[in-house]
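Good morning, and thank you for coming. I would like to take you through one structure, beginning with the whole chain and ending with single residues.

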Amino acid sequence: MTRSKVVELLNNGNAGDSVTVYGWVRTKRGNKQINFVALNDGSTINNLQVVVDMEKADEAVMKKVTTGAAVAVSGTLTESQGSGQNIELNGESIEVLGEANPEKYPLQPKRHSLEFLREIAHLRMRTNLFGSISRLRHAMIFAVHEFFNSKGFINVHTPIITASDAEGAGEMFRVTTLDAKNPPLTEEGEIDWKQDFFGKATNLTVSGQLEGELAAMAMGEIYTFGPTFRAENSNTTRHLSEFWMIEPEMAFYDIVDNMDLAEEFLKYLIKYALDNCMDDLKFLSQRLQQEEKNKPQAERSMELIEKLEFVLANDFVRLTYTEAINILENSKPNKKKKFQYPVEGFGTDLQSEHERYLVEKHFKKPVILTDYPASIKAFYMKENEDGKTVRAMDILFPGIGEIVGGSQREENLDVLEAKMDKMGVPKEEMSWYLDTRRFGSAVHSGFGLGFERLMLFVSGMTNIRDVIPFPRAPKQAEF
Ligand code: ATP
Ligand code: MN
């Protein structure tokens, strides 16, 4: 007999079918005559109810059927009378593959706090919540590739170990094989990176963009989807030290084409979740409502599915940074000094509190901000005619703040070189990057979507450490 998955049986199983399922016991209840075992195998949020006739069952085996145990069950499907599903399984033979001692197994059928589950991240995927998040995450990964593939974009793997600190992000993780206790030194007493593995200082990448641009200037439309690493010590609910980023880069796209693509992309992903993950979204929605019960009405967020549908149904608001600063300067929280960081005119770097005010209080819709001051953005962004602003675009989402950061890229070699000089970006080391501007340069654009920020939005979770299986954050690298 071959193995059936729970999801197949619940969706397509027929009464009378003889089947075998493998999975883990979620709960067992019942009495001397009959036992009900809720079985889950990770294929769906829903459990298969296994009904066991205790008069025929082996008592010693059934004793080992406890929460968390791995079991194989063979039997006949029957129509269910009240398990919440149409089908249940008459368990005629049960084999315990792996016991889970109830005195030691940390996951018991009760509500565990998210904090506790983070401490046992090696087991938390066995809960309903983290099962749902895992399936949703997979669906979103799949949808990312489907979206770009359907548009003829080429997926490019950009390097994870890099020698350039070009993003100016600064805070990178060093990659080295030098002896930490006794590194080779130069005459000046500095660490001699020439003697390191790669013959130079190397780091983990903070973005695949620069290499992505090289590819776009050959292949037209490309995207990367890889891990990125940032050693910034920001212990927030929206930052990880290791996260996944999707970075499309397109030749011949200007900033408007770039915004159009980003909006279409985000809506595609959200629609994909609604079309394909409804069981999990319903569960996540209930969880969110449960959690928000204790909050005052005004602070409660929109119901999850309603929120996703709302974003699909509305155009994102597009406005310039300067317009946004105007709104923020005249806003109530700014006048009443409620912002932690006051808004002080053109040049203010927007903080998450400002972004969220615009999105959640003022527009009540996703917002795309453009034309930021050149001084607060990276060197590669295309300068506007005003000489003050650049063609940057950040997409801001409710509950999240920045979810996408992108721009039209500076394609003019002279302007770019002058900018690099001004900002202290080493031109010689970046000669390979500048070649795209030396040879066959063209208008091009791209953006980066933080995959876990997207996951926060779609799942309704509030801490980014709960939407990646094994989070990496300051002082946290277990599992
Ligand atoms: P923020 O201001 O929120 O720190 P950023 O300006 O540093 O973001 P970018 O360098 O533009 O972000 O990166 C592109 C996208 O990557 C962001 O829009 C966001 O979705 C995501 N992102 C950035 N930093 C992190 C992080 N530490 N953890 C998870 N996602 C991140
Ligand atoms: Mn950042």
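This is a predicted model: local features need pLDDT of at least 70, side-chain atom pairs count only at pLDDT 80 or more; totals for chains, interfaces and linings use all residues.

Let us take the chain as a whole. Its secondary structure comes to 14 helices and 17 strands. Along the principal axes, the C-alpha atoms fill a box of roughly 85 × 55 × 45 Å. Of the 479 residues in the chain, 49% are buried.

Now to the ligand. How many residues surround ligand 1? There are 15, and the closest are Arg 230, His 239, Leu 240, Glu 402 and Ile 403.

Among the contributors, β16 gives the most, with four residues.

An oxygen atom of ligand 1 lies 2.9 Å from a polar side-chain atom of Arg 230. On the nitrogen side, the side chain of Glu 232 places an N or O atom 3.3 Å from a nitrogen atom of ligand 1. Leu 240 takes part through its backbone, where a polar atom is 2.9 Å from a nitrogen atom of the ligand. Taken on its own, ligand 1 has 580 Å² of accessible area, and the protein covers 80% of this.

Let us move to the surface. Ile 160, Ile 161, Phe 197 and Phe 198 form a nonpolar patch there, with about 390 Å² of accessible area together. One of these residues, Phe 198, sits in the loop between β9 (174-175) and β10 (202-204). Why does Phe 198 count as partly exposed? The reason is its relative accessibility of 41%, since that class runs between 20% and 50%.

Is Arg 437 buried or exposed? Its relative accessible area is 5%, so Arg 437 is buried, the limit being under 20%. The side chain of Arg 437 also reaches the backbone oxygen of Glu 410, at 2.8 Å.

With that residue I conclude, and I thank you for your attention.

Key: Residues are numbered from 1 along each chain as its sequence is written. Chains are lettered from A and ligands numbered from 1 in the order in which they are written. Side-chain values use heavy atoms; hydrogens and water are left out. A residue is near a molecule or strand if one of its heavy atoms lies within 4 Å of it. A polar contact is a pair of N or O atoms within 3.5 Å; within protein, one must be able to donate a hydrogen and the other to accept it, and residues adjacent in sequence count only if both atoms are side-chain atoms. Accessible areas come from the Shrake-Rupley method with a 1.4 Å probe; for residues, only the protein chains shown count as cover. Helices (H or I, at least four residues) and strands (E, at least two) are DSSP runs, numbered from the N terminus. Patches are made of residues with over 30% relative accessible area and no salt bridge: like charges are joined within 9 Å, nonpolar side chains (Val, Leu, Ile, Met, Phe, Trp, Tyr) within 5 Å. A salt bridge is a side-chain nitrogen of Lys or Arg within 4 Å of a carboxyl oxygen of Asp or Glu. Buried means under 20% relative accessible area, exposed over 50%, partly exposed in between (1.4 Å probe, protein chains only).
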